[in-house]
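Hi everyone, thanks for coming along. I'd like to walk you through a few spots in one model, so please have the viewer open.

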Amino acid sequence: MKSKILFLTLFLVTAFTFGQSTNVSGTVSDSGNMPIPGVNVIVKNTTKGTATDFDGVFALNDVPINSTLVFSYLGFQSQEVIVTRDNQTINVTLTEDAEALEEVVVIGYGTQKVSKISGAVSTVKRENLEKLNAIRADDALQGQASGVNVIGAGSPGSKPTVLIRGIPSYTGTDPLVVIDGVTQSLDDLNSLNTSDIESINVLKDAALSAIYGVKGGNGVIVVKTKSGKRNTKTTFSLNSSYGLQQVINKIDVLNASQYAAILNEASANAGEGIIFSDISGYGKGTDWQEEVFKTAPITTHNLSASGGSDITSYFVSIGYMSQEGIVGGGDKSYFDRVNLTGNFDTDLSEKLKLISNTSYSNIKGSSIAENSITGVLSNALNMDPTVPVYDEDGNFGVSETITQEIVNPVALIDNTYNKSNTNKLTGKLELQYDLLDNLKFTSRFGYTYVDVYSKNFYPLVYYGTGHNSTTANADLSAITTIDDGNETDLYSNRVSESRTNYFNFTYEMFANYNFNIGDDHAFETVLGMAIGKNTGDNITASAEDIPFNSWNYADVSASTDSESDTSSSWQYETRNISYFTRINYDFMNRYLLSFTGRIDGSTNFGKNNKFGFFPSASLGWLVSEEEFFNPGVVTYFKLRGSYGTVGNDNIDTQYSTISTFPSYTFGDEIASGSTLETIPNEDVSWENQIQYNIGFDTRLFDNKLSITADYFNKTVDDLLFDPTLSLYLGSPEYPTTNIGKTSSYGIDASIGYNSEFGDNLKLSTNVSFTTSVNEVKEINNGNKYLPGSGYGIPYTTITRFEEGYSPGYFFGYKTNGIFQNQSEIDAHATQDGAVPGDIRFVDVNGDGEIDDDDRTEIGDPFPDFTVGWNLALDYKNFDFNVFTYASVGNDIYRAYERNLNYTNRFASVLDRWTGEGTSYSEPRVTFSDDNNNTRASDRYIEDGSFIKIKNIQLGYKLPEEVVKKNGFDQIRIYGQVKNAFVFTDYSGYDPEISNGDDSVLDTGVDRGTYPQPRVWTLGINVKF
């Protein structure tokens, strides 16, 4: 009886105890006592739970006494706390989970922890992007990612040259860009708001890029944009800045008095009369560079909001950026961009998730002519300084002696009329379904739509009587001619308008399956397929005789001469289909193996080679996980190696087209005709790029110091070229064929150091190093070379893609000083036309005669190596960041000298030869140059090596008590200087010569390239 009473009593007490519940609240913080928002707080073995708010506070009602609360958050170790009667306020401190906090890198069709990667990858994090405040994402890669060479551009919104591990291809060197899984191009980065970027990963070797197959031959830039966090309240972020841009350097040219004196001497040396009888009154004259360079504003404003609930996260933003050009400026040179972004992640069910990323951008712009003889800066450098900007009547000043190409550059800017308006919509719709705990199916539709409207107006202009660019009389009336008694206009103004549309889409379906076999074998796998289609079309209309010769009336519909109306159009379509797989194997957390394979099919190739297979494999050894490894100074060490193939399909679709444009004359009759326009090559195949990579990663001194280094080697077989065809076939576009081979090898490395000194001082620094040696191994076109870019009138080719040489090397004559007297000329190889004071050219082939066969390599536009150095210091509420970039060994061809008799000269001419022993470097001046001293030679080659302090930024966070009191979470103000200092021996504006929209063979040719400006900026960052 007693036992029954005791049992009943215990039962009632237990039932009463477990039947009770209570309300529980508290805070969750990290080891630094900072609140952690979004921590999951769950009653163990139930679905009951909540999450901490922005201040780390949580509250949970009706929690059973003696139940267990589980606190969990990504990057921290989970913690369990028992709820008791006396423990209703629970404050928890979570400890960081070193393994969970390990950096995760976005790679093709998945993510991977850095320690598990056996390929080569470089990462630029959000923090570095924010400090650089870059306009374009690719600019932010310069010096930040080892193995990546970025040659910056100066004009507003312009595209830089980006090379990942050398120059692998003749048909294009731009890397593939993947934004949130959507395939895009380097050109698309001008529409991406850098404030929306979370991270950029550069996949550098075949082990990582082969899963993109034919698109990954030039490397892959993987961009991840920002997203919200679940179970967090909405957080707003406002970033705003205003800056002023200025030219850093000007080129020394002659002033008016010097110009007059030199021209008198040149005329006298040619046996002609004096041009300027009295040079004393000319003074300094017009500084044309001062007239065209402006102090230009640049403005950015970005507002974003992010947060999430239990089943949804979101990130939305709006951005505005406006940049005027330092040449011309105003409505003549500008780049305006508006961005709208919405990234949403929603659970449709327990296993099904929908991800929707959408980005809209509108870009408006205008540009001036640059990097050409007819460019504004070329005219500013070569224009006669005795001519005023405006004459006495207020009209633009003109030169009566310069009658070719070179004009008043201020007038040229004023006569430049163009505009563009681009609307772009890009994004993805993605469904993820968790069939099993470790098996996920993904269906992704990525799209890009671009609509471009552009207009150009070419008014009647007057640049001087007899000038070859003049199309009107001095009063801008039409120049007329009389034929058979009829008066007609010799020239007309002209307007052209065009509309271009692009639509690209990719549909991908793939599965990720991650599983373990026992404790020692871990697998990460992906298997999928993709189809894609790229389309584009354009229509262009032109008309003449626009009323009032005015931009305000410049419209095709406004033309008063309907017979002058013309139109043209084009369109294209390419399609591809792909199958891909990857298997990552991890044995005992120390031995890594990865295999990737992709099959690509493309309409760009002939019917006999529609498909290509691109495999790769890599190995990794985590030495620091071995039992024999004794951590001391070295805490982490991994060896890596990879080998694989990738491709390139940068050619047009293989099909025949016929043009009906040409007309033919038969006697007195003009008949319409047709001609072959394109010829297909049914056997053309993919460029086959073979890569191997050996590298290591290590961390030392309690992970404060990190080192990553790689040696790479790339060989491209079946290089794609357009050979020369017989003119008997007419004038078609030559069919692309596989006739070449290139190689690139080098080293890229990075060293980072992070440490804290006391409670208030933090130091972070990183140095990246890149070197690459490039060579053209084979060109099977008979000549063994392909011509590159050039300059001048008549046009002179100065770069070549030639077997046995670096791609795009400079080609011309070597020089060996100045002939001092006739005996030196007599002792030299035959050099027709040479007299004392002329340049002595080198007889390279030793045949005793200076001729075209003596032309040879005179320079290389690509650097021997580049170095980037980031230094960041945080002291209390202050933060300081400096970024320095150096390029060593790159040559520049100075192609902005027009060298006409009456064009201006450069300051070096003041050291000219005027008699024996007076100069050994600068030739005599003369209007009669039988020696052709201005021929393409190493006289125009300069060392373009430089060190640039690219970014200096000093920021200050307002005290927390002040900020919180006014309802904000954080307020930071900062000052920034971009391109603060440039150290170089180059005499031009800027040693970075990109010409990014042109062939890589145009790199380093300076025809008056738009320089990168120095930018002074003040900004504010606000979070609330």
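Let me begin with a term we'll need: a residue is buried when its relative accessible area is under 20%, exposed when that area is over 50%, and partly exposed in between. One thing to keep in mind is that this is a predicted model.

Let's start with the aromatic rings. How many aromatic pairs does a search of the whole structure find? The search turns up 37 of them. Take Tyr-809 and Phe-811, an edge-to-face pair with 6.4 Å centre to centre and 85 degrees between the planes. Both of these residues are buried.

Buried or exposed, or in between? Phe-968 has 29% relative accessibility, so it counts as partly exposed. Phe-1024 is partly exposed too, because its relative accessible area is 32%.

There is also an aromatic cluster to look at, formed by Tyr-513, Phe-515, Phe-523, Tyr-585, Phe-587 and Tyr-591.

Finally, let's turn to charge. On the surface, a patch of negative charge brings together Asp-832, Asp-847, Glu-849, Asp-852 and Asp-853. One of its members, Glu-849, lies in the loop between β46 (839–841) and β47 (856–859). Glu-849 counts as partly exposed because its relative accessibility is 38%.

Definitions and conventions
Residues are numbered from 1 along each chain as its sequence is written. This is a predicted model: local features need pLDDT of at least 70, side-chain atom pairs count only at pLDDT 80 or more; totals for chains, interfaces and linings use all residues. Side-chain values use heavy atoms; hydrogens and water are left out. Patches are made of residues with over 30% relative accessible area and no salt bridge: like charges are joined within 9 Å, nonpolar side chains (Val, Leu, Ile, Met, Phe, Trp, Tyr) within 5 Å. Accessible areas come from the Shrake-Rupley method with a 1.4 Å probe; for residues, only the protein chains shown count as cover. A salt bridge is a side-chain nitrogen of Lys or Arg within 4 Å of a carboxyl oxygen of Asp or Glu. Lys and Arg count as positive and Asp and Glu as negative; His and the chain ends are not counted. The place of a charge is taken as NZ of Lys, CZ of Arg, CG of Asp or CD of Glu. Helices (H or I, at least four residues) and strands (E, at least two) are DSSP runs, numbered from the N terminus. Buried means under 20% relative accessible area, exposed over 50%, partly exposed in between (1.4 Å probe, protein chains only). Rings of Phe, Tyr and Trp (its six-membered ring) pair if their centres lie within 6.5 Å; planes under 30 degrees apart count as stacked, over 60 as edge-to-face and the rest as tilted.
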